[in-house]
Structure formats: C-alpha cells, structure tokens
Amino acid sequence: MGYIFTTLLGLAGGAFCMFIALETKRRRLHEQERRQNAQAADLQKSSVAISARQQELDQYAARLTAERDQYAAQLNAERAEFNARVVSYDELQDENAILKRDLRNMDAHVRKIQLDRELQRQAHETLDRKCEELGSRYLKENVKWIGSSLSPNNFAICKQRLKDVIERCRGIGFPVSVDEEAALLASLREEYEKVVRAAFEREEQARIKVQIREEQMREREIERELKQLEREREAIKAALERALADAKDQHSSEVQFLLARLAEAEEKSQRAIAQAQLTKAGHVYVISNIGSFGEGVFKVGMTRRLEPQDRIRELGDASVPFPFDVHMMISSQDAPSLENAIHRKLHKLRINKTNPRKEFFVTDVESICQIVREHHGEVEYVADAAALEYRQSLAMPDEDQEFIENVYDRLEEDSEAVLDDL
C-alpha cells in the first residue's frame with residue numbers, strides 16, 4: 001500500500017515534473033514560433049522592398065539601354081561623318097598643288113591691283129589738285145563778286161550768299177575750315193563797314209551840297225526879286241519926285257498917277273511872290289510801307305520839290321521803322337487837283353476816318369491806277385512792293401543785327417567827334 005502510494009506519488013511527481021518541463025518547452029516553442037512569424041513578416045516586407053527595388057533597377061537598366069543605344073547611334077553618326085571628312089594623302093597633295101597655283105595667281109592679281117591703285121592714287125591726286133585749284137578760284141571769285149555787290153542795305157543777303165558758296169565748296173570736296181570761314185565773314189564785315197562809311201559820307205556830302213545849293217538859290221531869288229522891286233521903286237520914286245517938283249507941292253494928275261503906279265508895282269510884286277509860292281506844278285506819289293502798316297495800305301500825297309524822292313526819303317527817315325516803297329510818281333501841272341480827286345474817290349477807304357488830312361488808304365494799286373487814268377491819263381506803276389529792309393529784318397539773325405548796330409554807332413560817334421573838333 002505504501003509502495004503503491006509512493007509509486008503513485010512518484011508517478012504524480014514525475015507527471016508534474018513532466019508537465020512543468022513540457023509547459024516550459026511549449027512556451028519556448030511558442031516564443032520561437034512567434035519570433036519565426038515576426039521574421040517571416042520581416043522577410044515578407046523585405047521581399048516587397050526587394051521587388052520594388054528590382055522594378056527600379058529594371059527601369060534604370062532599360063533607360064541605360066536606351067541611352068546606350070542613343071549614344072551608340074550618335075557615335076556611329078559621328079564616326080560616319082568623320083569617315084566622310086577623311087581626306088586621303090593623294091587628295092591632299094592634289095589640293096596643295098591647286099592652292100599653290102591659286103596663290104601664285106592671287107599674288108599676280110594683288111600686284112596688278114597695287115599697280116592700278118598707285119595709278120588711281122596719282123590720278124586722284126591730280127584730280128584733287130585741280131579740284132582744289134578750281135574750288136579756290138571759285139571761292140575767291142565769289143568772295144570778290146559778293147564784296148563788289150555789297151551795299152548798305154544787303155549785308156544779310158551777301159552774308160547768306162557767302163555761306164552758300166562755302167557750303168557748295170565743301171559739297172564738291174574743297175575744304176574750307178571753320179577758321180577760314182570766320183576770316184571770310186570778318187572780311188565781309190570789314191567791307192560792309194567801309195561801304196556803309198562811304199555811303200554815309202556820300203549822303204552827308206550830298207545833303208550838305210543840296211542844302212547849300214538850295215540856300216544859295218533861295219538867296220539869289222530873293223536878292224534878284226528885291227533888286228527888281230527896288231529898281232521899280234526907285235524909278236517910280238524918282239519920277240514922283242520930279243512930278244512933285246514940277247507941280248510945286250500941288251496934287252496934280254501926274255502925281256496921282258505915279259502914286260497909283262507905285263502902289264500897283266508894290267501890289268504886283270507881292271502878287272508875283274504869292275503866285276510863285278502857290279504854283280500848282282508838282283508830283284503826286286503813291287507809296288506803301290509793308291513793314292510799318294502791313295499789306296494793302298497806301299499813302300497818296302503831293303510834293304512840289306524838284307526832286308520828289310527827297311520827300312519820300314524824309315517820310316521814311318525817322319517817323320517809321322522802314323523806308324517807303326514807291327508805286328507811282330506822277331508829274332502833273334495841277335498836282336493839288338489830281339491829289340484831291342484821288343482822295344475823294346478813296347474817301348471811304350481812309351484808315352483814319354476822323355482826320356481827312358491823314359493820307360493813308362486801305363485799297364490796291366489797280367484801283368488807284370484806274371482813278372489816275374480817269375483824271376490824268378496812262379501812268380506807269382509798280383504793283384508789288386520790294387520792302388527790302390523789312391524782309392531782310394525778318395530773316396536777319398541777332399548776330400548780324402548787333403553787328404550792323406555797332407557799325408552805325410561807331411559812325412555816329414566818329415561824326416560827333418568830327419563835329420566837336422570843328
């Protein structure tokens with residue numbers, strides 16, 4: 001019994017120990033299985049990654065294959081191109097011979113070109129020399145001609161002509177330097193000063209001569225008239241004295257007659273002088289001044305002077321900025337009547353309607369000419385006004401204006417100095 005219990009207890013203990021050992025082994029196997037499953041999962045992930053990497057590698061291999069094929073095709077093309085450009089030694093030798101022949105021909109051609117160029121250079125030098133001589137002569141002759149045509153009223157025109165000549169010289173290849181141009185212009189200014197000075201002196205001398213001549217003629221006429229009057233008076237007085245002596249202080253008919261004659265002689269002398277002063281012979285003039293009054297404005301006046309242009313010059317001296325242009329200068333034995341007839345016909349065309357003595361009218365030359373034909377007859381006239389100084393003033397630069405003013409200022413100073421010395 002005890003043996004059985006011991007045996008059973010041993011068996012139970014053995015069984016328990018066996019259970020413990022088997023449980024431990026089972027747990028170890030379970031843990032090992034779990035680790036194997038985890039490794040299998042890791043292997044599965046690695047397998048997926050490897051598959052993706054394999055696909056990338058396949059794609060990269062395909063791209064490398066395509067690039068290799070492309071590079072191979074390019075290399076084959078370049079090789080074919082290179083082979084096509086390869087020249088054989090015989091070909092190089094033939095080409096070298098051709099080049100040597102061409103070089104010899106080119107050398108001969110270059111020598112010929114150099115010779116032709118030398119001949120052309122000599123021809124051009126000759127042509128340039130002739131052109132320079134011709135240009136120099138052309139310039140000198142034009143400068144001389146411009147200087148000879150210079151007047152006190154055309155400096156701006158002559159200066160422009162000189163500039164045009166210089167530009168034409170430059171245009172044909174004749175060089176005119178800036179300094180030479182300045183020297184020519186300075187010379188032109190000097191010539192203009194001389195011309196103005198000479199004209200000024202001539203005008204002064206002419207004015208003085210005219211003034212002296214008019215004064216002398218006036219003195220001679222007055223003296224002659226006084227002498228004639230004095231002779232008549234002396235003759236009548238002598239006859240009157242004789243008559244009074246014969247009549248012995250009695251009023252006789254002869255004395256009365258002589259007194260009447262003396263009074264009549266005095267009256268005749270006075271009437272002759274007045275008649276001479278009131279002569280109707282003279283000139284009717286039609287003038288305009290575009291620079292002062294504009295287009296279509298005319299002055300119709302009368303002068304009894306022997307030189308009617310003197311009156312025109314006086315009108316244009318100081319009262320207006322520019323001289324007048326003469327359209328008509330009509331000589332008439334009854335100048336006042338002709339002037340009045342023209343004024344009456346143009347009365348409604350007066351500029352100053354409040355003062356009829358102002359002789360300016362807004363009309364045209366043809367209308368005035370028609371009136372003159374009706375009251376005087378055919379007459380010569382100038383339709384278009386020159387207005388030279390006005391047109392030159394419009395085109396004149398400030399430089400020329402200052403120069404002309406300086407010239408006249410110096411002339412006036414010199415004239416004042418001469419008068420002071422006198």
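The following dialogue goes through several features of one predicted model and how to read them.

Q: What kind of model is this, and how are its residues numbered?

A: The model is predicted, so local features need pLDDT of at least 70 and side-chain atom pairs count only at pLDDT 80 or more, while totals for chains, interfaces and linings use all residues. Residues are numbered from 1 along each chain as its sequence is written, and side-chain values use heavy atoms, with hydrogens and water left out.

Q: How many helices and strands are in the protein?

A: Helices (H or I, at least four residues) and strands (E, at least two) are DSSP runs, numbered from the N terminus. The protein has 11 helices and 4 strands.

Q: What share of the residues is buried?

A: Buried means under 20% relative accessible area, exposed over 50%, and partly exposed in between (1.4 Å probe, protein chains only). Of the 422 residues in the protein, 22% are buried.

Q: What share of the contacts comes from residues 24 or more positions apart?

A: A contact is a pair with heavy atoms within 4.5 Å. Among contacts with a separation of 6 or more, residues 24 or more positions apart account for 67%.

Q: In what order do the strands of the sheet stand?

A: Two strands pair if DSSP finds at least two bridges between them. Here the 4 strands form an open sheet in the order β3-β1-β2-β4, with antiparallel pairing. Direction ignored, neighbouring strands are turned by 25 degrees against each other on average; axes are lines fitted to C-alpha atoms (for helices over the stretch in contact), and angles run from 0 to 180 degrees between N-to-C directions.

Q: Which bridges connect β2 to β1 and β4?

A: β1 (residues 282-288) and β2 run antiparallel and are joined by 6 bridges. In β4, Phe360 is the bridge partner of Lys299, and Phe361 is that of Phe298.

Q: Which residues of β2 lie on each side of the strand?

A: Val297, Lys299, Gly301 and Thr303 are on one side, and Phe298, Val300 and Met302 are on the other; all are buried. For the strand as a whole (residues 297-303), 7 of 7 residues are buried.

Q: Which residues of α8 are buried, and what covers them?

A: In α8 (residues 335-345), the buried residues are Ala335, Pro336, Leu338, Glu339, Ala341, Ile342 and His343. Their cover includes β1, β2, β3 (325-332), β4 and α9 (365-375).

Q: How is the packing of α2 and α3 described?

A: Two packed helices are described by the angle between their axes and the distance between the axes. For α2 (residues 89-148) and α3 (residues 155-171), the angle is about 175 degrees and the axes are 10 Å apart. The two helices are therefore roughly antiparallel; angles under 35 degrees count as roughly parallel, over 145 as roughly antiparallel, 65 to 115 as roughly perpendicular and the rest as oblique. Among the residues that meet are Tyr138, Leu139 and Trp145 in α2 and Leu162, Val165 and Ile166 in α3. By class, this contact has 10 nonpolar, 2 polar and 2 charged residues; Ala, Val, Leu, Ile, Met, Phe, Trp, Tyr, Cys and Pro count as nonpolar, Asp, Glu, Lys and Arg as charged, and the others, Gly among them, as polar.

Q: What is the phi of Ala387?

A: Most residues other than glycine have a negative phi. Ala387 has a positive phi, near 45 degrees. Ala387 is in the loop between α9 and α10 (388-395) and is buried at 6% relative accessibility.
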